[in-house]
Amino acid sequence: MKVLVDRGKCQGYGNCVIAEPRVFDLDDDGFVQLLIEEPPEDLRAQVGHAVRDCPARALNLGG
C-alpha cells in the first residue's frame, strides 16, 4: 500500500492526522506531510479512513 498526496489540494483540515498520526502530520505551513509513504498492512484500515475522511480529497491509496 502506498499513500499518494496532492499537496495542491490539501487545505490543512488535519482529519488525516486524527485518523492516523503515525502516518500523517501537518508541516509548519499546516499542510499534510507523510511520515510513512508505504505504511504496513496493519494500518490499512486507519489509512483508508484518513483517505476517505479528507474533505479536500488530497489523499489516495496506490498499489
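How many salt bridges does the count come to? By the rule I use, where a salt bridge is a side-chain nitrogen of Lys or Arg within 4 Å of a carboxyl oxygen of Asp or Glu, the count comes to four salt bridges.

Before I go through some of them, a word on the basis of the values. This is a predicted model, in which local features need a pLDDT of at least 70, side-chain atom pairs count only at pLDDT 80 or more, and totals for chains, interfaces and linings use all residues. Residues are numbered from 1 along each chain as its sequence is written, and side-chain values use heavy atoms, with hydrogens and water left out.

As for the confidence itself, pLDDT is the predictor's confidence in each residue, from 0 to 100, and the chain averages 96, with 98% of the residues scoring at least 70. Confidence is lowest in strand β4, residues 59-62, at a mean of 95, and highest in β2, at 98.

Now to the overall fold. The chain has two helices and four strands, where helices (H or I, at least four residues) and strands (E, at least two) are DSSP runs, numbered from the N terminus. Read from the N terminus on, the elements run β-α-β-β-α-β. The C-alpha trace spans about 30 × 20 × 15 Å along its principal axes. With 63 residues, a compact globule would have a radius of gyration near 11 Å, and the chain, at 10 Å, agrees with that; this radius is taken over C-alpha atoms, and the globule rule is 2.2 Å times the number of residues to the power 0.38. When we speak of contact we mean heavy atoms within 4.5 Å, and among contacts between residues at least 6 apart in sequence, 54% join residues at least 24 apart.

Let me return to the salt bridges. The side chains of Arg7 and Asp27 meet in one of them, at 2.8 Å from N to O, and this pair links distant parts of the chain, since Arg7 sits in the loop between β1 and α1 while Asp27 sits in the loop between β2 (24-26) and β3 (32-34), 20 residues apart. Another salt bridge joins Glu20 and Arg22, whose closest N and O atoms are 2.7 Å apart.

Is Glu20 buried or exposed? Glu20 counts as buried because its relative accessible area is 2%, and the cut-offs are under 20% for buried, over 50% for exposed, and partly exposed in between, with a 1.4 Å probe and protein chains only.

Next, the interior. Of the 63 residues, 33% count as buried. In soluble globular proteins, nonpolar side chains tend to be buried together. A nonpolar core is a set of buried Ala, Val, Leu, Ile, Met, Phe, Trp, Tyr and Cys residues joined through side-chain atoms within 4.5 Å, and of the 16 residues in the largest one here, Cys16, Val23, Phe24, Val32, Val47 and Leu59 touch the most other members. The elements that give two or more residues to this core are α1 and α2 (44-52), and its largest share, three residues, comes from α2.

Val32 is found in strand β3 and counts as buried, at 2% relative accessibility. With its neighbours within four places in sequence set aside, Val32 is in contact with residues including Val5, Arg7, Cys10, Phe24 and Leu59.

Finally, consider the loop between β1 and α1, where Cys10 is found. Cys10 is buried, with a relative accessible area of 9%, and, not counting residues up to four places away, Cys10 touches Phe31, Val32, Ala56 and Ala58. Gln11 lies in the loop between β1 (2-5) and α1 (15-19) too, yet Gln11 counts as exposed, at 53%. Beyond four places in sequence, Gln11 touches Phe31 and Ala56.
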